[in-house]
Amino acid sequence: MRDTASDGLKIAVVGGFGAGKTTLVGSISEIRPLSTEETMTRAGLGIDDPAGVSTKSRTTVAFDFGRITLDEERVLYVFGAPGQERFWFLWERLFSGTLGAVVLVDTRRIADSWYAIDRLEHLGLPFVVARNNFGPPQHTLDELRDALALPPSVPLIDCDARSRRSAKHVLITLVGHLLARSAAGQPGEGPR
């Protein structure tokens with residue numbers, strides 16, 4: 001980090017197992033991202049559900065970390081959370097000091113997104129939802145909004161987590177959402 005940077009801002013990327021969180025953090029980070037991915041072993045059989053992501057061979061066991069320099073004074077820290085249920089206990093600590101979050105959705109496993117959305121709503125932490133396209137979308141964004149029971153106030157956008165440009169668009173959408181909430185007198189009420 002530059003010697004002049006004095007303000008660190010933090011966002012979290014959450015979502016289900018195999019949704020692309022590690023990929024998104026890696027594509028947006030200006031530094032080589034810190035990743036706690038490990039090879040999936042037989043020990044996870046019966047615990048982690050690989051349905052729909054059967055080609056996945058590695059998984060995050062703590063968190064991913066990336067950084068983006070915004071200007072001479074500010075840097076943005078991007079934390080990717082593990083998606084498996086057995087690691088959800090880490091999320092509460094990860095949300096501490098977070099300005100907002102991105103919920104990354106894999107439409108092959110929509111139900112995996114409900115816990116992330118529920119936790120963020122419960123904590124009052126502002127978030128956007130990004131549909132990570134692993135192929136041509138099978139459903140419209142309106143259909144996905146209905147499936148996730150998202151209110152119209154929550155931005156829902158498409159993304160390709162592998163693309164830096166697309167990941168940047170997701171973060172810009174989150175920042176725009178945070179600014180709009182602030183202007184409307186609805187700052188984030190998440191954990192501090």
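This report covers the sheet of a predicted model and the helices packed on it.

Because the model is predicted, local features need pLDDT of at least 70 and side-chain atom pairs count only at pLDDT 80 or more, while totals for chains, interfaces and linings use all residues. Residues are numbered from 1 along each chain as its sequence is written, and side-chain values use heavy atoms, with hydrogens and water left out.

**The sheet**

Helices (H or I, at least four residues) and strands (E, at least two) are DSSP runs, numbered from the N terminus. Six strands form an open sheet, ordered 4-5-1-6-7-8, with mixed pairing. Two strands pair if DSSP finds at least two bridges between them. Strand 4 (64–69) and strand 8 (156–159) are the edges; each has a single partner strand, so one side of each lacks a neighbour in the sheet. From one strand to the next the twist averages 25°. Axes are lines fitted to C-alpha atoms, for helices over the stretch in contact, and angles run from 0 to 180 degrees between N-to-C directions.

Two of the pairings are set out here.

| Pair | Sense | Bridges |
|---|---|---|
| Strand 4 and strand 5 (residues 74–80) | antiparallel | six bridges |
| Strand 6 and strand 7 | parallel | five bridges |

Phe-65 stands opposite Phe-79 in strand 5. Val-105 stands opposite Arg-131 in strand 7.

Six of the six residues of strand 7 are buried, so the rest of the structure largely encloses this strand. Buried means under 20% relative accessible area, exposed over 50%, partly exposed in between (1.4 Å probe, protein chains only). Phe-127, Val-129 and Arg-131 point one way from strand 7; Val-128, Ala-130 and Asn-132 point the other way.

**The helices**

Helix 5 (residues 164–183) lies across strands that include strand 1 (7–15), strand 6 (100–105) and strand 7 (127–132), and runs at about 160° to strand 7. Contact means heavy atoms within 4.5 Å.

The axes of helix 1 (residues 21–28) and helix 5 come within 8 Å and cross at roughly 100°. Helix 1 is therefore roughly perpendicular to helix 5 (65 to 115 degrees; under 35 is roughly parallel, over 145 roughly antiparallel, the rest oblique). Leu-24, Ser-27 and Ile-28 in helix 1 meet Arg-164, Ala-167, Lys-168 and Leu-171 in helix 5.

Helix 3 (residues 114–123) buries Ala-116, Ile-117, Arg-119, Leu-120 and Leu-123. Seen down the axis of helix 3, these buried residues fall within an arc of 165°, so they line one face of the helix. The arc is that of the directions from the helix axis to the C-beta atoms. Their cover includes helix 2 (91–95) and helix 4 (141–148). Just after helix 3, Gly-124 takes a positive phi of about 75°.
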